[in-house]
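Subject: Handover of a structure, with notes

Dear colleague,

I am passing on to you the structure that follows, and I would be grateful if you could look through it with the notes below at hand.

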Amino acid sequence: MNNQQKIFHKLHSDLNIKGKYNFNYNLSKSSWFGIAGNAEIFFVPDDLTDLKLLLENRPKEMNITILGLGSNVIIRDGGISGVVMKLGKSFSNIVDKGEELLVGAAAHDKVLAKFCLNKSIGGFEFLFGIPGSIGGAISMNAGCYGFETKDIFKKAKCITFDGKLCELENSEHMFTYRKNNKIDNLLIYEVYFKKKIKEKKLILNEMTKIDEERKQSQPQKVRTAGSTFKNPKNQTNEKAWSLIKKSNQDIFKKNGISFSREHANFIVNTQFISANHIEDFGEEVRRNVKASTGINLEWEIKILGNR
Ligand SMILES: Cc1cc2nc3c(=O)[nH]c(=O)nc-3n(C[C@H](O)[C@H](O)[C@H](O)COP(=O)(O)OP(=O)(O)OC[C@H]3O[C@@H](n4cnc5c(N)ncnc54)[C@H](O)[C@@H]3O)c2cc1C
């Protein structure tokens, strides 16, 4: 046990924290790429009291990282220092509150989309195709086919990394393309969504359409984190996948890593040797796209941890 782990162990027992933890926990199963470094401390809080106790009492230098379902991350080989927190099942409830929906941040996007279908609640159809959690969707302003999380979001209940409870209300500048500008040093644990009644048949049609389009245009059952780079909207109308193709990067392969044949902005990992290789692959593509088109691609995938 190193020093940070000793401190965590003591806090956990002195404060009667209930959630489970592991030291030097390998995160490969927590990343869609199937390869990752270790969490120095991996912690699954049982409830809000656990979260509050730990965050209020941790030493300020103990780093905190939040992980959802790992569908938008590269976790470098050197692992993540400090505490990696992942909300468990106790944070995944979905409650119909009449005027609004109350959803735990660990609920899966797909489960919420199905819940809304059963209850004839419209606007959540796009979430059916996104393989993340609600916390991840709010953090990334996840979206597809013209819909974004910001369209249905009302407010979120959060806790700061110092253990203070707070609320985030939907506001004009809160969300931009695949970004939440208010989320730094916050963990979202509960989200309120706007409700709009819609005919079940129409919801089902929309979900089926999205699902079919995805199956045609995206790889299935492969190790990927979805779109690698953001569309560079402030530089050009051309999409990231098109720039990758134009600069012949869609055929680039290295260390078992390549772009999917179905989608030239989805990196696919077929070898499970190194997460750093995935980052290196992406960086090489960025350099080559810049050299041949002059456009700077920005990562949509979040890169976490140490090299
Ligand atoms: C096959 C595939 C298809 C995809 N298609 C799409 C798509 O169409 N549209 C789209 O937008 N994305 C898509 N993605 C990317 C990804 O699914 C989304 O970004 C998703 O919202 C990430 O959620 P997650 O729970 O996996 O978050 P993670 O990948 O675990 O984390 C992403 C970020 O969210 C933060 N985070 C997670 N939970 C919380 C929380 N509770 N509180 C605070 N911060 C939190 C993390 O710290 C991290 O910075 C796709 C990915 C895959 C693998």
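This is a predicted model: local features need pLDDT of at least 70, side-chain atom pairs count only at pLDDT 80 or more; totals for chains, interfaces and linings use all residues.

Residues are numbered from 1 along each chain as its sequence is written.

The whole chain

The protein chain holds seven helices and 18 strands, where helices (H or I, at least four residues) and strands (E, at least two) are DSSP runs numbered from the N terminus. Its radius of gyration is 20 Å, close to the 19 Å that the globule rule gives for 307 residues, so the chain is as compact as a globular protein of that length; the radius is taken over C-alpha atoms, and the rule is 2.2 Å times the number of residues to the power 0.38. Along the principal axes, the C-alpha trace spans about 60 × 50 × 35 Å. Of the 307 residues, 39% are buried, a residue being buried if 20 or more other C-beta atoms lie within 10 Å of its own, exposed if 12 or fewer, and partly exposed in between, with C-beta atoms placed from the backbone. Among contacts between residues at least 6 apart in sequence, 68% join residues at least 24 apart, and two residues are in contact if their C-beta atoms, placed from the backbone, lie within 7 Å.

Domains

The chain is divided into domain 1 (3–86), domain 2 (92–216) and domain 3 (240–304), with bounds that come from an automatic or database domain assignment. Although the C-alpha centres of domain 1 and domain 3 lie 29 Å apart, 13 residues of domain 1 are in contact with eleven residues of domain 3. On the side of domain 1 that touches domain 3, the largest share, three residues, comes from strand E4 (residues 73–75), and the residues of that side divide into seven nonpolar, four polar and two charged. In these classes Ala, Val, Leu, Ile, Met, Phe, Trp, Tyr, Cys and Pro count as nonpolar, Asp, Glu, Lys and Arg as charged, and the others, Gly among them, as polar.

The ligand

Around the ligand there are 31 residues, of which Gly68, Gly132, Gly135, Gly136 and Gly226 come nearest; a residue is near a molecule or strand if its C-beta atom, placed from the backbone, lies within 6 Å of it. The elements that give two or more residues to this shell are strand E3 (64–67), helix H4 (134–140), strand E8 (143–144) and strand E14 (186–194), and H4 provides the largest share, with five residues. By class the shell has 17 nonpolar, 13 polar and one charged residues, and it draws at least three residues from each of domain 1 and domain 2.

Strand E14, which lines the ligand shell, is joined by seven bridges to strand E10 (residues 153–160), and the two run antiparallel; two strands pair if DSSP finds at least two bridges between them. E10 also pairs with strand E11 (residues 165–169), again in the antiparallel sense, over five bridges. Ala156 has Val191 as its bridge partner in E14 and stands opposite Leu168 in E11. In the hairpin of E10 and E11, which has four residues between the strands, Gly163 takes a positive phi near 90°.

Elsewhere, an open sheet of three strands has the order E15-E16-E17, with antiparallel pairing. Strand E15 (253–254) and strand E17 (267–269) stand at its edges, each with a single partner strand, so one side of each is left without a neighbour in the sheet. E15 and strand E16 (residues 257–259) pair over two bridges, and the bridge partner of Lys254 in E16 is Ile257.

Two single residues

Asp77 lies in the loop between E4 and strand E5 (80–86) and is partly exposed, with 18 other C-beta atoms within 10 Å. Not counting residues up to four places away in sequence, Asp77 touches Gly37, Ser274, Ala275 and Asn276.

Met1 is placed in the segment before helix H1 (3–14) and counts as exposed, with 10 C-beta neighbours inside 10 Å. The C-alpha atoms of Met1 and Gly79, 78 residues apart along the chain, are separated by 16 Å.

With best wishes
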